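Work through the exercises below with the model open. Try each task before you read its solution.

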Amino acid sequence: MSATRPAGTAEDPSQPADGDDAAQTAPADRAARAKGPGAEGGTLNVFANSFLALWVVMAAGPLLWVMVNSLRDSAQIEGKPFGWPTALSFENFANAWSDANIGSFALNSLIILAGSLPGTMLLGSMAAYVIARFSFPGNRVIYLLFAGGMMFPIILAVVPLFFVMDNFGLLDTRQGLVLAYIAYSLPFTTFFMTAFFRTLPGSIAEAATIDGASHLRTFFQIMLPMAKPGLISIGIFNFLGQWNQYFLPLALNSEDGDKALLTQGLAELSVNQGYEGDWGALFAGLTIAMVPILVVYMVFQRQVQEGLTAGAVK
């Protein structure tokens with residue numbers, strides 16, 4: 001006995017079955033997907049990778065060129081500026097370190113940074129913590145003043161700063177230069193750390209307060225260790241800015257004597273060695289100035305990345 005088919009459902013030999021439909025549309029769907037967003041994404045990746053490769057060459061190329069020429073003598077550099085050394089000339093570093101007095105200049109810069117960098121980090125993090133964690137009249141105004149300080153060109157303040165330092169007897173002194181560096185770096189440090197402290201959980205600070213911890217103890221023993229990635233990140237940025245600072249020492253510090261900094265020494269070396277033709281010593285001096293920056297960044301590269309991305313996801 002044959003099964004009866006409901007009315008209106010008779011099979012039409014001219015229409016394909018469901019399985020045939022799937023078999024026919026699958027290749028078309030795969031072709032569409034192959035030509036769709038995937039192809040566009042591949043083109044975009046090629047463009048992005050090419051741009052990044054060009055950026056690496058532009059950023060690392062001059063550094064590599066300086067380091068290579070620091071190992072060549074002046075005759076090789078003048079004959080072929082972009083060549084490789086045929087013989088290593090390590091005496092370039094000895095000439096730059098002793099004859100050009102780069103060692104003394106580098107030591108002076110380290111002494112200044114030993115005072116200015118910790119002072120900037122301490123004052124900036126304390127101000128940022130108060131702005132981020134406490135509500136009081138003028139909180140927003142103070143925050144905007146720090147933010148506005150980043151947009152204020154230092155060249156506009158150098159003349160009144162010069163006379164203020166002179167009146168206080170801090171002109172051409174290490175103490176005065178340390179204070180100037182702290183004031184120069186404080187706005188960016190406070191702005192950055194304020195955003196970082198706002199990402200930290202406030203419940204931990206509240207629990208410490210309930211347990212009887214003072215605000216000072218809560219800050220130094222609880223919140224500051226939690227902000228370590230941000231401190232390392234902004235500390236490296238401040239180190240780079242203060243190590244490479246030239247305008248403030250030029251205006252507030254003597255170029256002669258035993259207080260000249262590394263940037264002032266490099267400028268003097270550039271002038272002197274340009275006249276003397278000792279290009280190898282000049283490139284060696286530039287290499288000596290770059291080595292601390294490269295070492296610091298290579299050591300703390302992971303912490304810098306963590307600090308910059310810590311506030312991206314709460």
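**Exercise 1. Classify the orientation of α5 and α6.**

Solution. α5 and α6 are oblique to each other. The scale: angles under 35 degrees are roughly parallel, over 145 roughly antiparallel, 65 to 115 roughly perpendicular, and the rest oblique. Now the geometry. α5 and helix α6 (residues 139–150) pack at about 140 degrees, and their axes are 10 Å apart. Axes are lines fitted to C-alpha atoms, for helices over the stretch in contact, and angles run from 0 to 180 degrees between N-to-C directions. Helices here are DSSP runs (H or I, at least four residues), numbered from the N terminus. Last, list the contacts (heavy atoms within 4.5 Å). A127, V130 and I131 in α5 meet N139, I142, Y143 and F146 in α6.

This is a predicted model: local features need pLDDT of at least 70, side-chain atom pairs count only at pLDDT 80 or more, and totals for chains, interfaces and linings use all residues. Residues are numbered from 1 along each chain as its sequence is written, and side-chain values use heavy atoms, with hydrogens and water left out.

**Exercise 2. Describe the ring pair of Y129 and F219.**

Solution. Start with the criterion. Rings of Phe, Tyr and Trp (its six-membered ring) pair if their centres lie within 6.5 Å; planes under 30 degrees apart are stacked, over 60 edge-to-face, the rest tilted. The structure holds twelve such aromatic pairs. For Y129 and F219 the centres are 5.1 Å apart and the planes 50 degrees, a tilted pair. Y129 lies in helix α5 (residues 102–133) and F219 in helix α10 (residues 215–226), so the pair ties together parts 90 residues apart in sequence. Next, check accessibility: under 20% relative accessible area is buried, over 50% exposed, in between partly exposed (1.4 Å probe, protein chains only). Y129 and F219 are both buried. Finally, widen the view: ring pairs link Y129, F134, F197, F219 and F220 into a cluster.

**Exercise 3. Repeat the analysis for F188 and F237.**

Solution. The ring centres of F188 and F237 are 6.4 Å apart and the planes stand at 85 degrees, so this pair is edge-to-face. F188 is in helix α8 (residues 174–199) and F237 in helix α11 (residues 228–243), 49 residues apart. F188 has a relative accessible area of 35%, so it is partly exposed. F237, at 37%, is also partly exposed.

**Exercise 4. Which residue lies over the face of Y143?**

Solution. Apply the test: NZ of Lys or CZ of Arg within 6 Å of the ring centre and within 35 degrees of the ring normal. R198 lies over the face of Y143, 5.0 Å from the ring centre.

Definitions and conventions. Helix = DSSP H or I, 4+ residues; strand = E, 2+ residues; numbered from the N terminus.
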